[in-house]
Amino acid sequence: MESKTTPSNLGAVVSVRGSVVDIRFNAHLPPIYTLLHAKEGKIAIEVLAQLDTHRVRGIALTDTQGLVRGNAVEDTGGPLKAPVGKATLSRMFDVFGNAIDRQAEPTDVQWRTVHRAPPELARRSTKSEIFETGIKLIDVLVPIERGGKAGLFGGAGVGKTVLLTEMIHNMIEHQKGVSIFCGIGERCREGEELYRDMKAAGVLPNMVMVFGQMNEPPGSRFRVGLAALTMAEYFRDDEHRDVLLLIDNIFRFIQAGMEVSGLMGQMPSRLGYQPTMGTELSGLEERIANTDTGAITSIQAVYVPADDLTDPAAVHTFSHLSASIVLSRKRASEGLFPAIDLLQSSSKMATSAIVGERHYLLGQEIRRTLAQYENLKDIIAMLGLEQLAPEDRKVVARARRLERFLTQPFFATEKFSGIKGKLVSLKDSLDGCERILRDEFKDYPESALYMIGAIDEAKEKAKNVKPVAKAESAPKTDAKGDPKAAGNSEPKAKPEPQPKAKPKPEVEHAAANTHAS
Ligand SMILES: Nc1ncnc2c1ncn2[C@@H]1O[C@H](COP(=O)(O)OP(=O)(O)OP(=O)(O)O)[C@@H](O)[C@H]1O
Ligand SMILES: [Mg+2]
C-alpha cells in the first residue's frame, strides 16, 4: 500500500463484478473520469459514477484478476492520459500510452487527458477538397473529402480491412502529414501485420499506431479511440499538420460502450444497445474535425451486424460521415473486388460544384446504367437475355463492363491474389468509364476489363483472351441470364494464381452461342 504520488487519496475496494469495481473513499471522492490504480498500478479503473458520499463505481481498463475486496486503490488525481509529441511517431501504443513495440518508452512526450471537448464551431473550417485514393471506384463514384470522415461499411469478411489497408498504402505516401492508425477490438494479428507492412513500406516515420484489440477488456476498447484522437489533435493543433486517422473498427467502439453500459447496470435500448450510444459516438466523431490550424481526415471501418444497414450502430455512424462506402457480400462472392455496392454508397462530395461538371455527369451516368442493369436482372433471369430490347442489351453490356473495369488489383492483396497492385489516377479512371459508356469496348471480352488498372490495359489483356463474336455488340451474359452465375465464373481473387481470365471465355462463348442459335 505504497503512495507513489504526493498527497495520495486512498480508497478500498468494496466489490468487484467482472470489470465493474466499487470503491470506498473516506476522505475525498474522486470526480468522474478519474483514473484509479490498484495492485501497484497493475489494475487501472476509471470512475464512471458516484454512488453516494463515499463510494464510486468504476470500470476497469485492465483485467481485474486478483483484485479482492479491501484492496487499496489509489487516486491518480487525473483522468486517463495519452502521450503526445513528435517522439510518438513511428511507435505503437496501448490505451495507456505504453509502448508495445518492444522498444524503450518514448521520453520526450507530454501527457494529455483523453477526455477533451470537440473544437468550437468558430474554430472549425470547411473546405471542400477531394482526397484521391487511387482506387477507381472510390475516386469516381464516392470521392472522399480531405478533412472529412469516410466510413467503410460491411458485414463480416467482405473486405473492410483489406480496403482500409489499401487506402493507407495509397494515401500515406502522398500525404504530407501524419497518419494515426487506431485498432479497436479487432484481431491482434492484423495490428502486428500492419505494423510490419508499414515498416517495410518505409512509412512508419510518419505514423503512430494505437491498439486496444479484441483481447482487451471493454473499458480499454472503449477508451482507445479517444487516446488515438488525443494524439491526432496534438498534431493538428500544436504542429499544424494534416492528420489521417484510420480506425478499424468503429463498431467495436460502440460495442465496447454497450458492454460497459450493461456492466454498469443501465437499461439497454433498442436491440440491446446502450441508451447513450448516440452521445458516446458523437463524443468521438465530433472531435474528428477540421480547424483553422489543420485537418483530420478520417477513414473508419464499420462492421455491420448481420449485413443489416438499418442496425442502430450503422445508422448512427452514417450520420457522421461525409462519404459512406458500403461493401456488399454479393459483389464479394462474385469476385468483384473492391466489393463496393455502388447504389448504396454515397458521398457528399459528388456534386458538380466540387468534382466538376464532367465528373459529376459521368458519375450519374454510371449509376444510371448500373441501376438499369439491376432492374433488368429479374427479366433476364426469367426470360433470358435474348428477350431484351436491343437498347437494353446495350445497357447490360455497358454495365457489366463498367462493373469489371471498376474492379482493381490491390497492393494489399498482392500476396494472395498474385496480381500486382495498381494505383489509378482520377483522370484515367474517368476516361475509362467514359469510353466504356461510349461503347468503345463493346467488342472486348468482359474479362479483358477485369482486375486492370487504366483502361488501356484492356487492349493488352484482350490479346490474351480468345476473340469472341464481334458482330453482336451487347449481350455477354450467360445464356439463361443468371447474372450471378456469370459473375461466379469470374476468377476469384483468392487462390487464383493468374487472373488471365481463364474461366471467363466459356461464359463469353456460351453467350455467343446462344445468340448464334
Ligand atoms: N480487394 C480484394 N481482393 C481480393 N480479395 C479480397 C479483397 N478484399 C477482401 N478480400 C478477401 O476477403 C477476405 C476478408 O477481408 P477482410 O479481412 O478485409 O474482411 P473484413 O470486412 O475486415 O472482415 P472482419 O469484419 O471479419 O474484420 C480477405 O482475406 C480476402 O480473401
Ligand atoms: Mg477486418
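The model is predicted.

**Exercise 1.** Find how helices α4 and α5 are oriented to each other, and which residues make the contact.

*Solution.* 
1. Take α4 as residues 218-237 and α5 as residues 250-263.
2. Their axes lie 8 Å apart, at an angle of about 135 degrees.
3. Angles over 145 degrees count as roughly antiparallel, and 65 to 115 as roughly perpendicular. The two helices are therefore oblique to each other.
4. The crossing of α4 past α5 is left-handed.
5. From α4, P218, G219, R221, F222 and G225 take part; α5 supplies R252, F253, A256, G257, E259 and V260.
6. Sorted by class, these are five nonpolar, three polar and three charged residues.

**Exercise 2.** Repeat the analysis for helices α10 and α13.

*Solution.* 
1. Helix α10 spans residues 357-383, and α13 spans residues 426-437.
2. The packing angle is about 50 degrees, with 10 Å between the axes.
3. Under 35 degrees would count as roughly parallel. α10 and α13 are therefore oblique.
4. α10 crosses α13 in the left-handed sense.
5. H359, L362, E365, I366 and T369 of α10 meet L430, C433, E434 and L437 of α13.
6. That contact has five nonpolar, two polar and two charged residues.

Notes:
Residues are numbered from 1 along each chain as its sequence is written. Chains are lettered from A and ligands numbered from 1 in the order in which they are written. This is a predicted model: local features need pLDDT of at least 70, side-chain atom pairs count only at pLDDT 80 or more; totals for chains, interfaces and linings use all residues. Axes are lines fitted to C-alpha atoms, for helices over the stretch in contact, and angles run from 0 to 180 degrees between N-to-C directions. Helices (H or I, at least four residues) and strands (E, at least two) are DSSP runs, numbered from the N terminus. A crossing is left-handed if the near helix is turned anticlockwise from the far one by less than a right angle, and right-handed if clockwise. Two residues are in contact if their C-beta atoms, placed from the backbone, lie within 7 Å. Ala, Val, Leu, Ile, Met, Phe, Trp, Tyr, Cys and Pro count as nonpolar, Asp, Glu, Lys and Arg as charged, and the others, Gly among them, as polar.
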